[in-house]
Amino acid sequence: MGKVIIFGNTQSAELALYYLQNDSEHEVAGFTVEEQYIKEPEFHGLPLVPFETVEQQFPPSDYLFFAPMTATGMNQVRARVYEQGLEKGYKYISYISSHATVLTDKIGENCFILEDNTIQPYVQIGNNCVLWSGNHIGHHSRIGNHVFFTSQIVLSGNCQVNDYCFFGVNATIRDSSVIGEGTFVSMGATVMKQRTEPWSVWKGNAAEKSTISSKDLKF
């Protein structure tokens, strides 16, 4: 239990506030975002302060940090903020819904895991990952850092998901697959290939590799 500062002033931060207030022992003390994005001094009635100087008002010795951001830039924006928070000396929390079925304790920091996820035994999840509602994460799978699962994704057993990957709604990944760094799996895609190349885009059912790089996607 502790006082938490949430990064953001958009819907993701608003949702984080709701979940922490209604399904955790943490107290949200305020919000922070880069100064250029601040239009008002408060967000949801709590202080909103510049990220550039957040440690002056909310020192890391007294406050924890949470940055539950979107997958913008193939998760690289969230990764940057996460690293900057560490550099400022903050310790991160993770939020894991009490309505998720979680059968592992190998989950890193700054993870945002929502309701109705099923995470089977021997799964490992790295730092700074988002699992939106209703995913199945199969046994013995290993998920790296800065990964984003949207909803209703089936990751079959014994898969390896490397850093910066993104999975669209209703994607399906076959068992024992190795998903290369920065792989983008589009909505409804079924990945049958055993291994995907780094920064590749997969779409269709069964999914085929696109001719573009996931680094070129704008979302």
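Reply:

The largest pocket holds about 310 Å³ of space. A pocket here is an open set of points on a 1 Å grid over the protein atoms alone, where a 1.4 Å probe fits, with protein on both sides within 12 Å along at least five of seven lines; lining residues have an atom within 4 Å of a point. Grid points are joined across faces, edges and corners, and the volume is the space filled by probe spheres set on the points. There are 17 lining residues, and Phe-7, Thr-10, Val-33, Met-69 and Val-77 are the closest to the centre of the pocket.

The model is predicted: local features need pLDDT of at least 70 and side-chain atom pairs count only at pLDDT 80 or more, while totals for chains, interfaces and linings use all residues. Residues are numbered from 1 along each chain as its sequence is written, and side-chain values use heavy atoms, with hydrogens and water left out.

By type, the lining comprises 8 nonpolar, 6 polar and 3 charged residues. In this division Ala, Val, Leu, Ile, Met, Phe, Trp, Tyr, Cys and Pro are nonpolar, Asp, Glu, Lys and Arg are charged, and the others, Gly among them, are polar. Two helices, α1 (11–23) and α3 (76–87), each supply at least two lining residues, and α3 gives the largest share, 3 residues. Helices (H or I, at least four residues) and strands (E, at least two) are DSSP runs, numbered from the N terminus.

Within α1, Ser-12, Ala-13, Ala-16, Leu-17, Tyr-19 and Leu-20 are buried. Buried means under 20% relative accessible area, exposed over 50%, and partly exposed in between, with a 1.4 Å probe and protein chains only.

Some loops call for a look at the backbone. Most residues other than glycine have a negative phi, and most peptide bonds are trans. Asn-110 has a positive phi near 55 degrees and lies in the loop between β7 (101–102) and β8 (112–113). Tyr-122, with a positive phi of about 70 degrees, belongs to the loop between β9 (118–119) and β10 (124–125). Asn-110 is buried at 2% relative accessible area, whereas Tyr-122 is exposed at 59%. The peptide bond from Asn-205 to Ala-206 is cis, with omega near 0 degrees.
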